[in-house]
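Visitor: I would like to learn how to read a model like this one. Where do we begin?

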Amino acid sequence: MQPLSHADRSNKQKLLGHARGILGDWQLYFLLALPLSYFIIFKYVPMLGVAVAFKDYNVFRGIWESEWIGLEAFREIFQMDAFLYALRNTFLLNLLDLVIGFPIPIILALLLNELRVKWFKRSAQTLLYLPHFISWVVIGGMAVQLFATNSGSVNVFLNSIGIESIPFLSEKTHWVLTYVGTGIWRDAGWGTILYLAALTGINKELYEAAEVDGATRLRKMWHITLPGIKPTIVILLIINVGHMASIGFERPFLMGNPGVSDVAEVISTYVYTVGIQSARYTVATAIGLFQAVIGLIFLLTADFISRKVNDQGIW
Amino acid sequence: MSHAANSKWVDACIIAFISVICLLCLLPMIHLLALSFSSNGAIMAGKVSLYPIGFNLTAYKSVFAHAAMVRSLFFSIFLVCLFTAVAMFMTIIAAYPLTKSKLRGRNFFLFLIVLTMFFSGGIIPDYLLMRELHLLDKIWVLVLPGAISAFYLLILKTFFSSIPVELEESARMDGASYFRILWSIMLPLSLPSLATLSLFYAVGRWNGFQDALIYITSQELYPIQLKLYALVISGQANDLSIMEAQNAGAPVPQSLKAASIMFGTVPILLVYPFIQRYFISGAMIGAVKG
């Protein structure tokens, strides 16, 4: 037997050091064990579960015993009209949200910034943020109470002054606008937070200098305030475009109704209809996976653009 | 001179405009509140706008007489407490070890956790997992899958890291275990942020709907939001009509629906003033990447 070389010995010591470090920290690992198992079971196992999209899922055989069918499900979904409609609607609703909804928080933030009475500004913010905490179930319920064609309060009021009912929820175009409107109602105020934060970072001396030069408020807003929050605007715009392909479930599901499903059925609600209600797991998983991949492409593109424009990624 | 006068005028306009927007935020809720206290006749005639006409409490009495609704309400309260307790426990025991930069594997664990903020299996794989675990239609399905929010975990970790290390080091010198440090130093020092995170979790659970819709089928396990959905939106108000037939002069569904919606909202409105500013700082942390 050869005596341990110097290198061997130091390696051994290092290993012992490692072992001691891990043993000494056993309490920390003990604490981490439960949360890490949580993430593995409830987050990573479902990620492997997307394999269902490539299998002819059989309830009795389970995911792993079911037969592989390759890309069959993907070929199938592209022959489903409803899927293509859902895809179109997802992009359409997101695009409208972006075009109509994106500028509003900016305008609100600029106006809030002009308020000089502190207490008024603070109370205004409190009220503006409030709708963000109302659940979509409640918002959907309120929408029915307010906008139903026959019994909705708004239409009852319109009728009473001699105007015909507006089919806010039952006609496609009106429904889309109502959908966008409720989104603005809920989140436009909340959306001002990041802009207001960016506004506090603008150098006050710029305004003082502009005042000396006799600049009007509008000019100051245009030449100082707006450029000050431009980076925030750009990055939020890029992030929003990055999320173009993904849509939440609750808002379209709870705002929608069978009469307008032509425009209200989006990917997330369609996955629910096909997967949960009709139990066609393979197809529904394939749709979800397809959307996730498109979503990832959008996000990575957005991140790439953001790096080009801002020298900074979006995460 | 005219400059200053002009500016005042602009100020007034902005204040007026913002006031109108604020009113728009509140009006739907005020209107619903008014409806819930109004008489049938007034609602049918379209007389109710922002204050009750023919004030009465019949709608609320009916909600309380509606066994399934009351059960959902109590179930939701119980669920929110259970969920918040589990979620806080899990988040605390995850956040504390991850503040230790010398902990081996820490970066890998953090990576594992952050990755889940961007990727998920999706609705169906989640559903199939719940089925394999025999969690479908059990209360735990509304507790466990959302037990740790990676985002809140990072917030709490940041907060724990801001507690001066000297406190912990001197406790280590005295031979205190990590468990003890967490329990007697870290937690007492972070009570405000623990309270805030609890409210985050509680509000999220109270408002949560999607998981209940997908995983829950028994009426006894309907959280309030799912019950509201069944009552107000999907029009499955069958059991309601029976109730109406029983009570002569029962309110039209309008006021009853409005009253039910109030039950879904009021708890949020009650805690909102206290947590508003924490939510704002939370939104900032989210923006300034974790």
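Guide: With a definition: helices are DSSP runs of H or I with at least four residues, numbered from the N terminus. Note also that this is a predicted model.

Visitor: Which residue just after α8(B) takes a positive phi?

Guide: That is B:G175, with a phi of about 85 degrees. Helix α8 itself covers residues 165-173 of chain B.

Visitor: How many of the nine residues of helix α8 of chain B are buried?

Guide: A residue is buried if 20 or more other C-beta atoms lie within 10 Å of its own. By that test the count for helix α8 of chain B is zero, so the helix is hardly covered. Over chain B, 37% of the 290 residues count as buried.

Visitor: How many helices and strands does chain B have?

Guide: There are 14 helices and zero strands in chain B. As for its contacts between residues at least 6 apart in sequence, 71% join residues at least 24 apart.

Visitor: Into which domains is chain A divided?

Guide: Chain A has domain 1 (6-70) and domain 2 (73-310). Their contact takes seven residues from domain 1 of chain A and six from domain 2 of chain A. The side of domain 1 has five nonpolar, no polar and two charged residues. Taken over C-alpha atoms, the centres of the two domains of chain A are 38 Å apart.

How values were computed
Residues numbered from 1 in each chain as written. Chains lettered and ligands numbered in written order. Predicted model: local features only at pLDDT ≥ 70, side-chain atom pairs only at ≥ 80, totals over all residues. Domains from an automatic or database assignment. Contact = placed C-beta atoms within 7 Å. Nonpolar A, V, L, I, M, F, W, Y, C, P; charged D, E, K, R; others polar. Buried ≥ 20, exposed ≤ 12 C-beta atoms within 10 Å, placed from the backbone. Helix = DSSP H or I, 4+ residues; strand = E, 2+ residues; numbered from the N terminus.
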